[in-house]
Each structure stands twice: as structure tokens, then as C-alpha cells.
Amino acid sequence: MAALWGKQVFIASALLGYIAAAPFAVAEEKSRIDQATEARLDGLAETSEYPENADAWLQLGLAHSAQGDFDEAREALNRTLQIAPDYTDADLALARLDWYEGRNDAALNRLSGMVETPDTIALRQRIKTAEQTDQTSAWRLDLAVGRSTL
């Protein structure tokens, strides 16, 4: 009976902890959205004032991506590469967008033309592992809500 009581207390504690953490998760998500909105607005202002600033276009593309505006993200990231063709961060962000949108071959093709870095290796491995283990949807969801390490 004591062992059962201990398990019930543990389960109740875990549930209460989860319920108590829920408002913090909501607040954290709102903060993330607010930051992405602010970054997008900053990027728009910066690209208007300095239209040849590749860093500003990259930041704008990343902000659009964080908000789920993938078409706008792709436009800004492509503009980055028009200004600075060797900007690896923009290529990597585009490869992530390709993968997120289900274009694994396009993502792998883009990655194959890039210098190998820990980030490119990790994304390539994640794509290949996801294809083999059918984890693609779960990882794309994590990427969409900002929980991905990529």
C-alpha cells in the first residue's frame, strides 16, 4: 500500500508540475512570437534604409521563417544571396526551409554544394535519419515551433 501511495503522490506531483508550468510555456511562446515580430519589423526598417546590407536581409529572412512566413523568408534569404553569394548562413537557412517544406532532395542538393560545417552535417544527418525512421513530421513540427536545435 505504501508503494502505491508513493506512486500516486509522484503522479499527482508530476501533473501539478505540468499544470503549473503551462502558463510559463504560454508566456514563453508569446515572448518568442513578440521577439520574431520585433525582429521582422527591425529587418524591414533596416532593409529599407540599407537595401544592399546582406546581414539585414538574412535577419529579415530568419524572422519571417520564425513566424512561419516561409515565402517571405525565402525571398529575403534569396536576396541575401544575390548581395553576398557566399553567405553560408543564408544557404543553410534555405536548406532548412526546403526540408521543412518537405523538399528533402532540394535541401540535400543545397547542402551538397556547401562547405561542411557542424550545422550542415547535422542537418544532412537529420534529414537522412528522419527519412529512415519516419520522424520527419515530428522534427518539422519542432522546427516550426522553435524547439529544434537546427
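The following is a working conversation about a predicted model of a protein chain.

Colleague: How many helices and strands does the chain have?

Modeller: The chain has seven helices and zero strands. From the N terminus on, its elements run α-α-α-α-α-α-α.

Colleague: And how much of the chain is buried?

Modeller: Buried residues account for 31% of the 150 residues. The accessible surface comes to about 9500 Å², and 57% of that surface belongs to carbon and sulfur atoms.

Colleague: Turning to His64, where is it found?

Modeller: His64 is found in helix H2, which covers residues 54–66.

Colleague: Is His64 buried or exposed, and why?

Modeller: His64 has a relative accessible area of 8%. Buried means under 20%, so His64 counts as buried.

Colleague: Which residues is it in contact with, leaving aside neighbours within four places in sequence?

Modeller: His64 is then in contact with Arg40, Asp69, Glu72 and Ala73.

Colleague: Which other residues of H2 are buried?

Modeller: Besides His64, the buried residues of H2 are Ala54, Ala56, Trp57, Leu58, Leu60, Gly61 and Ala63.

Colleague: What span should H2 have, and what is the distance between its end C-alpha atoms?

Modeller: H2 has 13 residues, so at 1.5 Å a residue it should span 18 Å. Its end C-alpha atoms are 18 Å apart, which agrees with that expectation.

Colleague: What caps the N-terminal end of H2?

Modeller: Asn53 provides the cap, with a side-chain oxygen 2.9 Å from the backbone nitrogen of Asp55.

Colleague: And what follows H2?

Modeller: Gly68 follows H2, and the phi of Gly68 is positive, near 85°.

Colleague: What does Leu94 touch, not counting residues up to four places away in sequence?

Modeller: Leu94 touches Arg74, Leu77, Asn78, Leu81 and Arg110.

Colleague: Finally, what share of the contacts with a separation of 6 or more comes from residues 24 or more positions apart?

Modeller: Such residues account for 47% of those contacts in the chain.

Terms used:
Residues are numbered from 1 along each chain as its sequence is written. This is a predicted model: local features need pLDDT of at least 70, side-chain atom pairs count only at pLDDT 80 or more; totals for chains, interfaces and linings use all residues. Side-chain values use heavy atoms; hydrogens and water are left out. Helices (H or I, at least four residues) and strands (E, at least two) are DSSP runs, numbered from the N terminus. Buried means under 20% relative accessible area, exposed over 50%, partly exposed in between (1.4 Å probe, protein chains only). Contact means heavy atoms within 4.5 Å. The expected span of a helix is 1.5 Å times one less than its number of residues. A polar contact is a pair of N or O atoms within 3.5 Å; within protein, one must be able to donate a hydrogen and the other to accept it, and residues adjacent in sequence count only if both atoms are side-chain atoms. Accessible areas come from the Shrake-Rupley method with a 1.4 Å probe; for residues, only the protein chains shown count as cover.
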